[in-house]
Amino acid sequence: MKLSPDERWNLIDSIANQVVTYGKYRHTLKDAIGELTVKPMAGIPIAIAVLYGFWSVFGSFAGTLCTDGFFVKLFDGYWLPWLQEVFPGKGSWLYSILIDAGGMTNGEFILSNNCFEAFGVLTSGLFVAIGVVLPAIVIFYLMLTLLEDIGYMPRLAVLIDTVLHKIGLHGYAIVPTILSLGCNVPAVTATRILETRKQRFIMMTLLAIFIPCGAQLGIMEEVIPELIGYVLLYLVIGYFIFGFVLNKIVPGKSPEILIDVPPYQKPMIANVRRKLWMRVSSFFKVAVPFVLLGCIIVNVLYLVGFIQWLGDILAPVFVGWFGVPKETAGPLVAAFLRKDLAVAQLSVIEMTQYQMLSAVVLISIYFPCVATFAMMLKEGWKELIGSVAVLAVVVFLYGGIIHLIGKLIGVA
Amino acid sequence: MAEKNNLAMICIAILGVVTVAFGLADILVSAGGDGTGLSILEIPGDMFRGGWGGLIVLFAGLFYLSGCKNVAEVHNASKVAMGSVLIWIMAGTDIFAMITESIPGGEDGPWFNSLSGFLGTYAPPYTPAMFLLPFSLVVVYYILKQERTKSTTPP
């Protein structure tokens with residue numbers, strides 16, 4: 001059957017009349033709230049409030065409830081004393097590596113009082129992995145998943161787009177940036193959402209240097225809660241300064257993007273549960289072995305005297321240029337294996353508050369942990385070499401600048 | 001209807017002024033370094049809850065004030081609703097912090113808190129955001145009711 005053009009249009013009209021419902025579009029409250037969150041004047045205060053809520057819940061759940069409320073008591077009060085008691089060979093190599101590295105006073109082996117100081121695989125290793133990192137990672141990813149599923153993340157991407165363009169990135173760079181606050185490893189993979197090699201290189205370098213992971217944040221919350229704000233401030237400033245410089249010197253393009261902003265919606269529990277499980281389990285598969293392995297390697301390096309030797313060699317740089325005690329050389333070596341362990345190690349070194357602040361910032365901007373390093377290698381060896389070169393320059397310069405700031409304000 | 005809107009405007013404006021005052025008080029007190037308390041009201045002195053948090057309470061007040069005129073209009077209603085959301089974030093995190101403090105038994109105590117210790121955590125003083133919480137709920141109830149009426153009214 002052949003239809004004339006008029007007959008075809010009539011047929012189209014009759015089908016459309018049957019399947020399309022016409023109505024008047026009404027701007028709802030939900031639409032208006034959705035628009036409000038992407039306008040800078042209203043969106044920035046809302047973003048400030050969302051971030052406040054994020055960190056407040058993070059600190060209350062991970063710090064106050066889980067770690068301080070239960071895990072410190074469990075590990076320091078029961079687990080550590082029990083292992084110290086039942087494990088044979090106090091002071092031996094195996095005992096130091098697995099249970100308690102302790103300390104020697106007048107030729108006598110002194111046991112540690114808590115899991116931060118013991119530094120054994122079965123004590124500090126498990127405490128950091130389960131008692132500190134697990135609650136921090138669970139609550140971090142839960143909050144992030146909720147923000148994603150509600151539909152807030154694309155709005156944050158729109159809001160921050162202009163700022164991120166100044167450092168050669170665009171709004172969606174907020175995804176790897178925030179993911180990196182959980183763990184740098186999936187964040188390196190998430191840099192693939194950026195279009196050009198230049199953008200991916202800048203993002204990977206910045207997150208490896210300036211974004212502390214959830215494990216590190218959890219430890220900071222536990223060890224230096226009063227300084228964490230200043231540490232983050234230094235890191236945010238560094239993120240933008242060095243991002244701006246990288247954008248100027250790295251060749252390549254930084255194209256514009258169009259972001260599809262979905263309406264706000266109620267998150268589905270099944271989706272939240274699935275995403276949370278996927279993220280937490282993959283974090284544990286990748287990170288926990290490195291925490292435990294990190295404990296072993298660092299203990300062995302201490303026992304053979306390598307860290308002492310390195311500390312002596314690097315002392316002029318550490319003391320003179322960075323303004324931190326030479327003992328921080330050990331944690332800096334450990335930071336390559338796990339940055340969270342390194343911050344925990346810093347807590348037992350005697351130093352001023354500003355030195356502690358400088359040392360924690362140095363550990364954060366120092367070499368990415370070995371898991372992130374492996375992930376960056378997968379993304380391309382040229383990028384990795386470039387990132388490491390940038391990192392070396394940034395650590396030296398920024399470490400010196402922080403020391404200088406301390407001197408100028410009279411606290412270093 | 002117009003009279004009802006005028007009344008709503010006055011109430012939201014008053015709430016906005018009080019919220020702005022609380023926000024400024026939070027910021028000023030935290031800038032001074034020490035927290036302060038007036039019987040059941042406590043203004044935190046730390047930079048996180050007092051400084052950052054105070055800024056959010058201040059923004060909430062400004063949202064109320066910018067949206068209070070003709071709250072029947074959807075864009076103004078959304079500003080007022082957003083002011084309430086900011087108050088909920090502040091008060092919600094304060095309540096969550098109380099809950100997390102009330103459950104464990106303390107460093108040298110038993111695993112879980114005693115009943116009196118648990119209940120004692122919820123006793124006053126409260127932060128300004130917690131005092132503003134009930135009013136913010138009323139405001140949002142009013143806006144949602146208005147929105148429902150509009151959606152059922154034929155255009």
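Q: Where in chain B does UniProt place the feature "transmembrane region"?
A: The unreviewed UniProt entry places that feature at residues 7-31, 51-68, 80-103 and 123-144 of chain B. The structure shown here is a predicted model.

Q: What is the chain like over residues 80-103 of chain B?
A: That span is 96% helix and 0% strand. Its end C-alpha atoms lie 35 Å apart.

Q: And over residues 123-144 of chain B?
A: There the chain is 77% helix and 0% strand, with end C-alpha atoms 32 Å apart.

Q: Turning to chain A, where does UniProt place the feature "transmembrane region"?
A: The unreviewed entry lists several spans for chain A, including residues 49-72, 167-189, 201-221 and 384-406.

Q: How much of residues 384-406 of chain A is helix?
A: Residues 384-406 are 100% helix and 0% strand, and the end C-alpha atoms are 32 Å apart.

Q: What about residues 167-189 of chain A?
A: Residues 167-189 are 65% helix and 0% strand, and their end C-alpha atoms lie 20 Å apart.

Q: How many residues of chain A are in contact with chain B?
A: In the model, 23 residues of chain A are in contact with 26 residues of chain B.

Q: Which element of chain A gives the most to that side?
A: Helix α3 of chain A gives the most, with 15 residues. By class, the side of chain A that touches chain B has 14 nonpolar, seven polar and two charged residues.

Q: Is helix α11 of chain A mostly covered or uncovered?
A: Helix α11, residues 214-223 of chain A, is mostly covered, with ten of its ten residues buried. Among them are A:Q216, A:E221 and A:E222.

Methods
Residues numbered from 1 in each chain as written. Chains lettered and ligands numbered in written order. Predicted model: local features only at pLDDT ≥ 70, side-chain atom pairs only at ≥ 80, totals over all residues. Buried ≥ 20, exposed ≤ 12 C-beta atoms within 10 Å, placed from the backbone. Helix = DSSP H or I, 4+ residues; strand = E, 2+ residues; numbered from the N terminus. UniProt positions renumbered as here; feature names shortened; annotations may be inferred. Contact = placed C-beta atoms within 7 Å. Nonpolar A, V, L, I, M, F, W, Y, C, P; charged D, E, K, R; others polar.
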